[in-house]
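Reader: Please take a close look at a single residue and its surroundings in this model. I would like one connected account.

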Amino acid sequence: MENTGNGADGEAKPPTPGAMLADKVEWLIQNMWPPDAPAPRNNVETAGAIAHATGEDISSTTVWKLRTGRQDNPQLRTLTALATFFGVPIGYFGFASEAGPIDDDLTFKALRREVEEGVVRTEVLRALVDLSPQSRWLVDEMILAAARADAERAAAGRRNGSPSEVEESA
């Protein structure tokens, strides 16, 4: 969930609060969407599902701003609605030192759900555990490279107006 950019001097600069929040919101939408809620096709449906489940009126524009990092200080009621909808502690949206352990727990929860749904095969996880440290390091590097490539494609899609961003006024 790292979203760092380069400054004018070429050094990596820390992500902005809006970018960090955007990464967290996007991760929740992609990985922790409640199984009993219809999968959203755009920000309008995302906002509607959150509003329907929590009773909190969240606009599609707010969802869009959160997902794109254009809003870095949402109201507490917005964060509470997100936390309630996705079933995460409100601390997930807090400072890195506080959110880190929560993030780790959510990652394991998402992985468990992927295994239960058959998206990730149990035998693959067992094989990973049984690999030598050198082989595991190689697999780790391949997974991280694939994740970076996916994140770059997703970011490019958001910058170019993916369907979830274009359908704001629907």
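Author: T46 sits in helix α2, which spans residues 43-54; helices (H or I, at least four residues) and strands (E, at least two) are DSSP runs, numbered from the N terminus. The model is predicted, with pLDDT of at least 70 needed for local features and 80 or more for side-chain atom pairs, while totals for chains, interfaces and linings use all residues. Residues are numbered from 1 along each chain as its sequence is written, and side-chain values use heavy atoms, with hydrogens and water left out.

T46 has a relative accessible area of 1% and is therefore buried (under 20% relative accessible area; exposed is over 50%, partly exposed in between; 1.4 Å probe, protein chains only). Leaving aside residues up to four places away in sequence, T46 touches I29, W33, P40, V63 and R67, where contact means heavy atoms within 4.5 Å.

Helix α3 covers residues 60-68, and its axis comes within 8 Å of that of α2, crossing at roughly 110°. Axes are lines fitted to C-alpha atoms, for helices over the stretch in contact, and angles run from 0 to 180 degrees between N-to-C directions. On the α2 side the contact is made by N43, V44, T46 and A47, and on the α3 side by S60, V63, W64 and R67.

In the whole protein there are 8 helices and 2 strands, and 28% of its 170 residues count as buried.
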